[in-house]
Amino acid sequence: MKKSATLLFASLLLSAAVLPATAQTAETAKAHAAPVYKAKTPKLNKAQIDQLLAAPEQLVIIDLRRPDELTKIGGFAVYLSIQAKDLEQSLAFIPKDRKIVTVSNHAGRAGKGADLLASKGYNVVGAIGAQDYEAEGGTLARISPPAPKKAAEKTAQTKTSE
């Protein structure tokens with residue numbers, strides 16, 4: 001009897017230690033999950049984007065992210081960069097005779113931007129998240145930011161003195 005009571009106590013103690021860790025892991029995963037897509041414009045996947053990229057002369061990709069996001073995360077090789085906050089003021093620079101795809105990290109801003117463009121008469125075919133595209137096996141182009149001016153000047157001076 002003592003042995004079974006000891007085993008019962010040990011299993012209760014073990015489940016008390018494991019249960020909070022499991023709950024915490026589920027909460028952490030939920031907190032890091034991509035937000036729910038709420039736009040009217042369709043959210044595209046990698047296969048759909050790759051199909052559109054096969055005819056680049058018919059397509060304009062508008063990346064709505066900040067420059068630091070582009071350099072940190074990467075993006076599509078050719079795109080029009082307009083930050084989401086500047087989109088409505090930049091409509092004159094966006095062609096109306098091409099299919100348009102908007103891009104953000106997980107398509108939240110891209111969906112909102114795509115909805116705005118569609119309401120203004122643009123031929124918007126969808127929105128995509130760059131990180132979602134990469135997670136599906138797509139390859140993003142990485143851009144290295146230029147070296148700070150002082151470092152570049154120092155490098156130039158070193159090469160000149162050699």
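Biologist: Which residues touch the most other members of the largest nonpolar core?

Modeller: This is a predicted model in which residues are numbered from 1 along each chain as its sequence is written, and in which side-chain values use heavy atoms, with hydrogens and water left out. Local features need pLDDT of at least 70 and side-chain atom pairs count only at pLDDT 80 or more, while totals for chains, interfaces and linings use all residues. A nonpolar core is a set of buried Ala, Val, Leu, Ile, Met, Phe, Trp, Tyr and Cys residues joined through side-chain atoms within 4.5 Å, where buried means under 20% relative accessible area, exposed over 50% and partly exposed in between, with a 1.4 Å probe and protein chains only. Of the 14 residues in the largest core, those touching the most other members are Ile62, Leu87, Ile94, Ile100, Leu117, Tyr122 and Val124.

Biologist: Which element supplies the largest share of this core?

Modeller: Helices (H or I, at least four residues) and strands (E, at least two) are DSSP runs numbered from the N terminus. Strand S1 (59-63), helix H4 (108-119) and strand S4 (124-129) each give the core at least two residues. The largest share, three residues, comes from H4.

Biologist: How many residues form the other core that lies apart from this one?

Modeller: Leu44, Leu52, Ile73 and Val101 are among the members of that separate core. Its number of residues is 13.

Biologist: Is aspartate 132 buried or exposed?

Modeller: Aspartate 132 is found in helix H5, which covers residues 130-135. Its relative accessible area is 15%, and therefore this residue is classed as buried.

Biologist: How many residues apart are aspartate 132 and lysine 43?

Modeller: Their side chains meet in a salt bridge at 3.1 Å, N to O, the term meaning a side-chain nitrogen of Lys or Arg within 4 Å of a carboxyl oxygen of Asp or Glu. Lysine 43 counts as partly exposed at 35% relative accessibility. Aspartate 132 is in helix H5, whereas lysine 43 is in the loop between helix H1 (2-32) and helix H2 (46-53), and the pair links distant parts of the chain, 89 residues apart.

Biologist: Which residues are linked with Arg66 in a network of salt bridges?

Modeller: Arginine 66 forms a salt bridge with glutamate 69, with the closest N and O atoms 3.7 Å apart. Arginine 66 is partly exposed at 40% relative accessibility, whereas glutamate 69 is buried at 7%. In the network, Arg66 is linked with Asp68, Glu69 and Arg109.

Biologist: How many salt bridges does the count come to?

Modeller: Besides the pairs already named, the side chains of lysine 120 and glutamate 88 meet in a salt bridge at 3.4 Å, N to O. Lysine 120 is partly exposed at 35% relative accessible area, and glutamate 88 is partly exposed at 44%. By the rule above, the count of salt bridges comes to nine.
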